[in-house]
Every structure is written in structure tokens, then in C-alpha cells.
Amino acid sequence: VVNTISRTPYRINTRVLDTVNTIIKHRLVNANSSVFNPVLYGDIPYMDDAQWQLITHAIHNSAIVKADGGLDFDSNSIQTARRLAAIRIAHQHNVPILFGISGWISTYQPVLDNPKTRQKLLENVITVLKEGYDGIDIDLEPLTEWGQEKAGNPSYVAFARELKAAM
């Protein structure tokens, strides 16, 4: 598969497709079940029509959270024109597309702990979502410092609640 925007090769993970086919073949899931409704995500390559039919959602990965609450679009080459192209292509295939944000705890935690930078991040995310994305994929890792899992992460929870309210 070749990315039609930058003309670079993109490998599709065939192990995922093989797993999905095995699940379907052996009827391990009931597509009509109210208990389990599988969602198949594809990270945005610019896939051919057959590949688009295999996924239920696409994730455009990702803008990286910056220390000031801004978003770095350059590191993963998802500047405005590429975002708009990805949205257009996903919607042409009737696939909802999620905007991805990512970051490591050493960068994102101070942003979320400070109400001003958390608000700036929230505003930046909402601005990008208004470009036409259908939702968001939050890939901030890990959720807590290692060994602090029981303490939770109140700032992360606050951000998620504020984001939900803003959406």
C-alpha cells in the first residue's frame, strides 16, 4: 500500500486482519450481540477501498501534547492539510475518524495538573475536532506513575470530564 499524500510505502498489519478473519470464521463473536460489539480501528494510512471496508473507525495519530498545553503536529506530520485530507478520505469511505493525541507522563502530567495549561490543551483539542473529526483517541501513557496506580490520576480524570463536557 502506498500513502497517496506523501507517496511513501505503508505496511498494513496483516496479523490483525488474520485475527479478525479467524474470529469471524469461527463465529467467536455474534455481530448482533448487545453484550459485545467489536470495533476495528485502523491507524490512518491512506488505504485502498478494500482495506477501508475492514475497519469501523480510523484513528489519525497523533498530535503530541506540548509542555505549554499546545499540540505538536509536525513530529508526526499531521499538519492542517493532511488532517483535512484524512477526514475527507475517511468520510468518503463512511468511516468515522478520530483525532489522536499522545504523550508521555513526564510531559502531559504537568500540563494536566495546571488548570491554565489543561484549559489550553482542551481548547486546542476542541479546535482540531471542529475540523471534522468524529471523536478523539487519547493515548497519554502511562495513566499514572509506575507504582502509583492505586492513587489514580485526578488531573487526567478532570481533563477527560472537561473534554467530554466541551464536546
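Modeller: A residue is called buried here when its relative accessible area is under 20%, exposed when that area is over 50%, and partly exposed in between. The model is predicted.

First, the setting. The chain has 6 helices and 5 strands, arranged along the sequence as α-β-α-β-β-α-β-α-α-β-α. Of the contacts in the chain with a separation of 6 or more, 68% join residues 24 or more positions apart.

Strand 4 covers residues 97–104. Of its 8 residues, 7 are buried, so the strand is largely enclosed by the rest of the structure.

Next come its strand partners. Strand 4 pairs with strand 2 in the parallel sense, over 5 bridges. In that pairing, Ala58 stands opposite Ile97 of strand 4, and Ile64 stands opposite Ser102 of strand 4. Strand 4 pairs with strand 5 as well, again in the parallel sense, over 7 bridges. There, Gly103 is opposite Leu140 of strand 5.

Strand 2 has a further partner in strand 3, residues 71–72; these two run antiparallel and are joined by 2 bridges. Val65 has Leu71 of strand 3 as its bridge partner. The hairpin made by strand 2 and strand 3 has 5 residues between the strands, and Gly69 in this hairpin takes a positive phi near 90 degrees.

Now to the side chains. In soluble globular proteins, nonpolar side chains tend to be buried together. In this model the largest nonpolar core has 31 residues, and Phe99 and Ile101 are among those with the most contacts inside it, as are Val65, Leu71, Leu121 and Val125. The elements that give two or more residues to this core include strand 4, strand 2 (57–65), strand 5 (135–141) and helix 5 (115–129). Helix 5 provides the largest share, 6 residues.

The buried residues of helix 5 include Leu121, Val125, Val128 and Leu129. At the N-terminal end, Asn114 caps helix 5 through a side-chain oxygen that lies 2.8 Å from the backbone nitrogen of Lys116.

Leaving out residues up to four places away in sequence, Phe99 touches His60, Ala63, Leu71, Phe73, Ile78, Arg83, Val128, Leu129, Tyr133, Gly135, Ile136 and Asp137. Two of the residues on that list, Val128 and Leu129, are among the buried residues of helix 5.

Arg83, another residue that Phe99 touches, is found in helix 3. Arg83 counts as buried because its relative accessibility is 4%. With residues up to four places away in sequence left out, Arg83 touches His60, Phe73, Ile78, Phe99, Val128, Glu131 and Tyr133.

Ring pairs come next. The structure holds 3 aromatic pairs. In one of them, the rings of Phe99 and Tyr133 are tilted, at 5.2 Å centre to centre with 45 degrees between the planes. Phe99 lies in strand 4 and Tyr133 in the loop between helix 5 and strand 5, so this pair ties together parts that are 34 residues apart in sequence. Phe99 and Tyr133 are both buried. Ring pairs join Phe73, Phe99 and Tyr133 into a cluster.

A further pair involves other elements. The rings of Tyr108 and Tyr156 have centres 6.0 Å apart and planes at 70 degrees, so this pair is edge-to-face. Tyr108 is in helix 4 and Tyr156 in helix 6, 48 residues apart, and the pair links these distant parts of the chain. Tyr108 has 0% relative accessibility and therefore counts as buried. Tyr156 has 16%, and therefore counts as buried too.

One more contact of Tyr108 can be followed. Asn153, in the loop between strand 5 and helix 6, is in contact with Tyr108, Gln109, Leu143 and Thr144, its neighbours within four places in sequence left aside. Asn153 counts as buried because its relative accessibility is 10%.

Note on methods:
Residues are numbered from 1 along each chain as its sequence is written. This is a predicted model: local features need pLDDT of at least 70, side-chain atom pairs count only at pLDDT 80 or more; totals for chains, interfaces and linings use all residues. Side-chain values use heavy atoms; hydrogens and water are left out. A nonpolar core is a set of buried Ala, Val, Leu, Ile, Met, Phe, Trp, Tyr and Cys residues joined through side-chain atoms within 4.5 Å. Buried means under 20% relative accessible area, exposed over 50%, partly exposed in between (1.4 Å probe, protein chains only). Helices (H or I, at least four residues) and strands (E, at least two) are DSSP runs, numbered from the N terminus. Contact means heavy atoms within 4.5 Å. Two strands pair if DSSP finds at least two bridges between them. A polar contact is a pair of N or O atoms within 3.5 Å; within protein, one must be able to donate a hydrogen and the other to accept it, and residues adjacent in sequence count only if both atoms are side-chain atoms. Rings of Phe, Tyr and Trp (its six-membered ring) pair if their centres lie within 6.5 Å; planes under 30 degrees apart count as stacked, over 60 as edge-to-face and the rest as tilted.
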